[in-house]
Amino acid sequence: MKLGAERLQQVAESATLAFSERARQMAQKGINVIDLAGGDPDFTTPAHIIEAAFTAAQKGATHYVSSRGIPTFLEAIANHYAAEQGLQYDPKSEILVTSGGKMAIYLAILATIDRGDEVLIPEPAWVSYVPMVQLVDGVPVEVPLDAKNNFLLTREALEEKITPRTRALLLNSPSNPTGRVLSRQELEAAAEVALRHDLLVFSDEIYYKLLYDGHQHISIATLPGMRERTIILNGLSKTYAMTGWRVGFALAPKPIMSQMVKVQSHTITCAAAFAQYAGAAALNGSQDCVREMVEVYAQRRRLIVDGLNSLPGVRCEAPEGAFYAFPNISGTGMTSLEFCERMLEEAHVVMTPGSAFGPSGEGYVRLSFANATEKLAETVERLRKVL
Ligand SMILES: Cc1ncc(COP(=O)(O)O)c(C=O)c1O
């Protein structure tokens with residue numbers, strides 16, 4: 001009997017899983033472990049958003065809804081993108097609510113990538129992009145970004161990986177793990193490549209509200225000729241501390257969106273109804289809660305970046321967006337895996353080795369600062385003792 005599809009043989013286990021498991025075992029033994037590996041905000045979802053879901057459920061939002069999403073939330077997403085980016089999407093035919101941002105990305109890939117199609121993925125990149133492309137029998141093609149040049153995205157780097165099978169380019173700005181926010185020049189370079197080689201662009205904008213030092217988010221769909229070839233992928237998890245609600249969304253031209261809706265209607269059916277009412281409340285309500293959380297992230301960012309830079313052999317650029325510090329630890333003489341191993345064993349701090357995000361992440365580790373300020377301060381002191 002065949003146990004498991006061949007397609008899955010190439011898909012790697014999550015690199016962070018082993019660390020989390022060991023951390024869990026240590027915690028069970030009573031060891032005080034600080035886990036900075038995950039990307040889950042430590043804030044509770046703002047009260048007015050929880051209230052909206054509760055009220056909606058009491059009023060009967062406990063049934064199936066349209067596969068695309070509930071009209072009020074679809075309209076809220078359309079209005080939001082119109083106000084934020086000046087982009088117009090028809091809520092009836094060009095927007096889809098999904099069960100988490102992750103599902104939006106997967107549906108976009110599933111609906112557009114054929115067997116053997118190559119997808120360019122600039123790396124270091126979030127750990128799930130490569131497996132998602134592999135799951136649909138596509139070919140992930142990693143595009144190494146130069147660490148010495150602060151992981152700048154260039155036309156040359158992209159062009160080098162173009163083949164007749166290249167079908168799409170996947171962008172993530174602000175980036176997990178590097179914290180880079182793509183500048184207009186970088187986006188123009190990417191758009192030029194996409195237009196010249198007739199590529200689709202998957203634009204993962206999930207961290208678009210988490211920006212520091214005046215950095216601005218620009219969706220690549222706003223560039224000339226790009227709206228028709230871009231699928232915008234976003235969600236509420238990071239912006240509103242709603243990871244457990246599983247609400248994501250996608251915006252794309254009608255012909256692409258109709259394919260995505262087809263897949264959704266035959267798989268998860270629809271995102272949870274009451275969670276979508278919460279989503280409408282999140283986008284339509286006051287954005288003070290977001291500003292307040294970003295303010296706290298900004299303080300923690302300063303603390304962790306300054307702390308890391310005070311350690312021997314560690315050098316950390318201030319991230320421009322998202323909530324990860326991505327320090328270079330090569331000055332310690334350890335590989336990123338060795339560093340994480342040693343810090344787990346001796347400092348009881350869980351981090352993610354940069355190599356988990358692609359070859360260009362070697363020499364780096366990732367720490368999430370979506371964690372309590374005291375834990376971050378304690379982390380720096382624990383690392384200092386070991387180093
Ligand atoms: C870059 C990136 N994209 C998408 C997601 C998906 O988030 P969710 O499925 O919770 O919306 C994450 C979560 O960690 C992420 O880091």
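Select helix 3 and helix 9: helix 3 passes helix 9 in a left-handed crossing. Keep in mind that this is a predicted model.

Two packed helices are described by the angle between their axes and the distance between those axes. Take both for this pair. Helix 3 covers residues 71–85, and helix 9 covers residues 273–284. They pack at an angle of about 30°, and their axes are 8 Å apart. Angles under 35 degrees count as roughly parallel, so helix 3 is roughly parallel to helix 9.

Now show the side chains at the contact. From helix 3, pick T72, F73, A76, I77 and H80. From helix 9, pick Q276, G279, A280, L283 and N284. Colour them by class: five are nonpolar, five are polar and none is charged.

Next, go to helix 11 (residues 336–347) and helix 12 (residues 373–386). Their axes come within 10 Å and cross at roughly 100°. That makes helix 11 roughly perpendicular to helix 12. Select R342, M343, E346 and A347 in helix 11; they meet R382, L383, K385 and V386 in helix 12. What is the class make-up of this contact? Four residues are nonpolar, none is polar and four are charged.

Finish at the strands. Select residues 118–123 for strand 3 and residues 139–144 for strand 4. The two pair in the parallel sense over six bridges. Zoom in on P122: its bridge partner in strand 4 is V143. Then trace the chain from strand 3 through helix 5 (residues 129–135) to strand 4. This β-α-β crossover is right-handed.

Notes
Residues numbered from 1 in each chain as written. Predicted model: local features only at pLDDT ≥ 70, side-chain atom pairs only at ≥ 80, totals over all residues. Pairing = 2+ DSSP bridges. Helix = DSSP H or I, 4+ residues; strand = E, 2+ residues; numbered from the N terminus. Right-handed = clockwise from strand over helix to strand, strands pointing away. Axes fitted to C-alpha atoms, helices over the stretch in contact; angles between N-to-C directions. Parallel < 35°, antiparallel > 145°, perpendicular 65-115°, else oblique. Left-handed = near helix turned anticlockwise from the far one by under 90°. Contact = placed C-beta atoms within 7 Å. Nonpolar A, V, L, I, M, F, W, Y, C, P; charged D, E, K, R; others polar.
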